[in-house]
Amino acid sequence: MVPSEKQIFAQSVEALFVRALGPYLTRDGRQKLKAAGLNLSEPLRPHYSLEQWRVFLDVAARDVFPGQSLESAYLELGARYLKGFQQTSVGRASMQLVTHLGPQKTLERVPYNLRAGNNFNEVRVEELSKQDATLWVKDVLADNPFFACGFLAETLRASGAGSPEVKPIAFDGTAATYRLTWSQAKSQRPAGTLAPVRRLYG
């Protein structure tokens, strides 16, 4: 059943706007977020609409990265999102696993990880080889494709990929296809020898 409203869950808002951007938002930026429906001085709601999330991103891009192009600002927001996610209870456990998986296995998990932050998105890894992949995202969660570029590149980096690059090769205003490339990954544990993942929450 298709959800009646596209919702962004609180954990995504916490990752970006509380954990990653909290110290950098100006008073004016916080006021604009409040006017758009995100009051960072109160507990987060369980979810926010996709339309609100897009406005939140636009406010943050202009507030935290003034003078930068929107492409550059959204790339950085995407990277900050992943770093903020790593600071949440769910994110710490998930990203600890990523460090052992390597780039290829990590990309196979992206569809599950991205869907955990909302109730509607879909991701398909359409091609995957040793050092490149093509990935389709049903909804890039922004007004341009570069927010997703940022968090995908940071995800690859966290998995041990060297010099990750993520470029949109198609975008229709909602969905996008990306080409991901990276250099030889840093040393990874051989398959079947993963260290136990310590339980970090619950």
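## Helices and strands

The protein has 6 helices and 6 strands. Both kinds of element are DSSP runs numbered from the N terminus: helices are H or I with at least four residues, strands are E with at least two. Along the sequence, the order is β-α-α-β-α-α-α-β-β-α-β-β.

This is a predicted model: local features need pLDDT of at least 70, side-chain atom pairs count only at pLDDT 80 or more, and totals for chains, interfaces and linings use all residues. Residues are numbered from 1 along each chain as its sequence is written, and side-chain values use heavy atoms, with hydrogens and water left out.

## Burial, contacts and surface

The protein has 202 residues, and 47% of them are buried. Buried means under 20% relative accessible area, exposed means over 50%, and partly exposed lies in between, with a 1.4 Å probe and protein chains only.

A contact means heavy atoms within 4.5 Å. Take the contacts with a separation of 6 or more: residues 24 or more positions apart account for 65% of them. The protein exposes about 10,400 Å². Carbon and sulfur atoms supply 51% of that area. Areas come from the Shrake-Rupley method with a 1.4 Å probe; for residues, only the protein chains shown count as cover.

## The largest cavity

Rolling a probe the size of a water molecule over the atoms shows where empty space is left. A search of the whole structure finds 2 cavities of 30 Å³ or more. A cavity is a set of points on a 1 Å grid, over the protein atoms alone, where a 1.4 Å probe fits but cannot get out; lining residues have an atom within 4 Å of a point. Grid points are joined across faces, edges and corners, and a volume is the space filled by probe spheres set on the points.

The largest cavity holds about 200 Å³ of space. Its lining has 15 residues. Tyr81, Leu82, Asn113, Leu114 and Thr155 lie nearest the centre. Helix 1 (10-20), helix 4 (70-85), helix 5 (89-115) and helix 6 (146-158) each supply at least two lining residues. Helix 5 gives the most, with 5 residues. By class, the lining has 10 nonpolar, 5 polar and no charged residues. Here Ala, Val, Leu, Ile, Met, Phe, Trp, Tyr, Cys and Pro count as nonpolar, Asp, Glu, Lys and Arg as charged, and the others, Gly among them, as polar.

Why does the largest cavity lie between domain 1 (5-84) and domain 2 (89-182)? Both domains give residues to its lining, so the cavity lies between them. The domain bounds come from an automatic or database domain assignment.

## The second largest cavity

The second largest cavity has a volume of about 60 Å³. Its lining residues are Ile8, Ser12, Trp53, Tyr81, Leu114, Gly117, Asn118, Leu141, Phe147 and Phe151. They divide into 7 nonpolar, 3 polar and no charged. Domain 1 and domain 2 each give at least three residues to this lining.

Ala79 lies in helix 4, and Gly150 is found in helix 6. Which residues does Ala79 contact, leaving aside neighbours within four places in sequence? They are Gly150, Phe151 and Glu154. Gly150, with residues up to four places away not counted, touches Leu75, Gly78 and Ala79.

Ala79 counts as buried because its relative accessibility is 10%. Gly150 is buried too, at 5%. Gly150 and Lys167 are 17 residues apart along the chain, and their C-alpha atoms are separated by 9.8 Å.

Asn121 sits in the loop between helix 5 and strand 3 (123-128). Asn121 is buried, with a relative accessible area of 2%. Beyond four places in sequence, Asn121 touches Leu114, Arg115, Val137, Lys138, Asp139 and Leu141.

Most residues other than glycine have a negative phi. Leu141 is not a glycine, yet has a positive phi of about 65 degrees. Leu141 lies in the loop between strand 4 (132-137) and helix 6. At 6% relative accessibility, Leu141 is buried. Ser163 also has a positive phi, of about 45 degrees, although it is not a glycine. Ser163 is in strand 5 (residues 162-171). Is Ser163 buried or exposed? Ser163 counts as exposed, because its relative accessibility is 59%.

How values were computed
On a 1 Å grid over the protein atoms alone, a cavity is a set of points where a 1.4 Å probe fits but cannot get out, and a pocket is an open set with protein on both sides within 12 Å along at least five of seven lines; lining residues have an atom within 4 Å of a point.
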